Amino acid sequence: METTRIAVEGMTCQGCVNSLTRALQATPGVRSATVTLQPAQATIEHDPATAPADRLRTVIADAGFEAR
Ligand SMILES: [Cu+2]
């Protein structure tokens, strides 16, 4: 397991936080995901073999936000 913190742009409310949290937690290889609005970031505990950081960034983009 590895912990990766990614800054996320484009979240405006708790609904954004909840939908991104759900999207990350539904990703195979993700053990836990904590998303906050302030600071705007996602902290993800994941198996880098199954869910590499690039994959996490894609999930964030697909959910409608921007991974920094
Ligand atoms: Cu929102």
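A residue is regarded as buried here if 20 or more other C-beta atoms lie within 10 Å of its own C-beta atom. By this criterion, 22% of the 68 residues of the protein, examined here as a predicted model, count as buried.

The secondary structure of the protein consists of two helices and four strands, and these elements follow one another along the sequence in the pattern β-α-β-β-α-β. Taken along the principal axes, the C-alpha atoms fill a box of roughly 30 × 20 × 20 Å. The radius of gyration of the protein is 10 Å, which agrees with the value near 11 Å that a compact globule would have with 68 residues. When contacts between residues at least 6 apart in sequence are considered, 57% of them join residues that are at least 24 apart.

Leu56 is placed in helix H2, which comprises residues 53-62, and it counts as buried because 23 C-beta neighbours are found inside 10 Å, the cut-off being 20 or more. Once the neighbours within four places in sequence are left aside, the residues in contact with Leu56 are Thr4, Ile6, Leu24, Ile44, His46 and Ala51. Val35, by comparison, lies 21 residues from Leu56 in sequence, and the two are separated by 13 Å in space, from C-alpha to C-alpha.

Notes: Residues are numbered from 1 along each chain as its sequence is written. This is a predicted model: local features need pLDDT of at least 70, side-chain atom pairs count only at pLDDT 80 or more; totals for chains, interfaces and linings use all residues. A residue is buried if 20 or more other C-beta atoms lie within 10 Å of its own, exposed if 12 or fewer, and partly exposed in between; C-beta atoms are placed from the backbone. Two residues are in contact if their C-beta atoms, placed from the backbone, lie within 7 Å. The radius of gyration is taken over C-alpha atoms; the globule rule is 2.2 Å times the number of residues to the power 0.38.
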